[in-house]
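Please examine the sequence and the three-dimensional structure displayed below.

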Amino acid sequence: MQKSNIMRFGKLSLAALLALQLAFAVKLYWGKQQAQREMSEPQALFELAANDIDRITINDGSSSVTLQHTDDGWQLPDDQGLPADGPRVDSLVSSVADLSPSWPVATTASSQQQLEVAADNFQRRVVLYSGEQEAGELLLGTSPGFKRTHARLSLIHI
C-alpha cells in the first residue's frame, strides 16, 4: 500500500513538472513571436519631424550645396539667397525624415568602403540641421537596384 502511494505521488509530481515545462515553453515561444513582430515593424531612421529641419547640406565629395529655410521659403544662401523650388525641397525633407531602414546589408568597415557609405568614401552626404544643431547625417552610396540606395546613418544629435 505504501509503495502505490509513493508511485502515485511520483507520477503526479512528474505530470505537474511536465505541465510546468510545457507552460514555460509556450510562454517563451509567444514572447519570441511578439519580439519578432515588434522588430519587423519599420521604424523611422530619424527621430525628428520634417518641419524641424531648417537647413540641409548635400555634398558629393567635390561640391556642396546648402538649402536654408527662411520666412520667404527655401533658399540657396551660398548663391546670393536665390530661391529654391519649395515643394521639391519640402518633399525631399519629408522623404528623408520618414525614411525607415530595411535589413542591414553590411556591418564592417571594409563593406562600408565597398558600398561607398564610409565617412571618407561616399557618393552623397546629406546633413540635416535643426536650428544651429546638426540633427543627422546620412551617407548615400551605391545602388543595389531600381529605386534603392545603400545608406548609412552617421550621426544623430537631437
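In which loop is Glu116 found? Glu116 belongs to the loop between helix 3 (109-114) and strand 5 (117-118). Helices (H or I, at least four residues) and strands (E, at least two) are DSSP runs, numbered from the N terminus. The model is a predicted one, in which local features need pLDDT of at least 70 and side-chain atom pairs count only at pLDDT 80 or more, whereas totals for chains, interfaces and linings use all residues. Residues are numbered from 1 along each chain as its sequence is written, and side-chain values use heavy atoms, with hydrogens and water left out.

Glu116 has a phi near 60°, a positive value in a residue other than glycine. Most residues other than glycine have a negative phi. Glu116 is partly exposed, its relative accessible area being 25%. Here, buried means under 20% relative accessible area, exposed means over 50%, and partly exposed lies in between (1.4 Å probe, protein chains only).

The overall fold may now be considered. The chain contains three helices and nine strands, and along the sequence these elements follow the pattern α-β-β-β-β-α-α-β-β-β-β-β. Of its 158 residues, 23% count as buried. Among contacts (heavy atoms within 4.5 Å) with a separation of 6 or more, 44% are made by residues 24 or more positions apart. The chain exposes about 11,600 Å², of which carbon and sulfur atoms supply 56%; accessible areas come from the Shrake-Rupley method with a 1.4 Å probe, and for residues only the protein chains shown count as cover.

The interior comes next. In soluble globular proteins, nonpolar side chains tend to be buried together. A nonpolar core is a set of buried Ala, Val, Leu, Ile, Met, Phe, Trp, Tyr and Cys residues joined through side-chain atoms within 4.5 Å. The largest such core has 13 residues, and those touching the most other members are Ile53, Ile56, Leu67, Trp74, Val89, Val93 and Leu128. At least two residues of this core come from each of strand 3 (73-76), helix 2 (86-97), strand 7 (124-130) and strand 8 (133-140). Helix 2 gives the most, with three residues.

Charged residues also occur in buried positions. Glu137, found in strand 8, counts as buried at 9% relative accessibility. How many salt bridges does the structure hold? There are two, a salt bridge being a side-chain nitrogen of Lys or Arg within 4 Å of a carboxyl oxygen of Asp or Glu. In one of them, Glu137 pairs with Arg125, with the closest N and O atoms 2.7 Å apart. Because Glu137 lies in strand 8 and Arg125 in strand 7, the pair ties together parts that are twelve residues apart in sequence. Both Glu137 and Arg125 are buried. Asp85 forms a salt bridge with Arg88, where the closest N and O atoms are 3.8 Å apart. Asp85 is partly exposed, at a relative accessible area of 43%, and Arg88 is exposed, at 66%.

Another buried residue is His150, with a relative accessible area of 13%. His150 lies in the loop between strand 8 and strand 9 (151-155). Its side chain makes a polar contact of 2.8 Å with the side chain of Thr142. A polar contact is a pair of N or O atoms within 3.5 Å; within protein, one must be able to donate a hydrogen and the other to accept it, and residues adjacent in sequence count only if both atoms are side-chain atoms.

Strand 8 also holds Leu140, which is partly exposed, with a relative accessible area of 23%. Leaving aside neighbours within four places in sequence, Leu140 is in contact with residues including Glu116, Val117, Phe122 and His150. The C-alpha atoms of Leu140 and Leu115, 25 residues apart along the chain, are separated by 8.9 Å. Ala119, in the loop between strand 5 and strand 6 (121-122), is in contact with Arg125, Leu139 and Arg152, again leaving aside neighbours within four places in sequence.

Leu17, in helix 1 (residues 2-40), is partly exposed, with a relative accessible area of 44%. Leu14, Leu17 and Leu20 form a nonpolar patch with about 320 Å² of accessible area together. Patches are made of residues with over 30% relative accessible area and no salt bridge, like charges being joined within 9 Å and nonpolar side chains (Val, Leu, Ile, Met, Phe, Trp, Tyr) within 5 Å.
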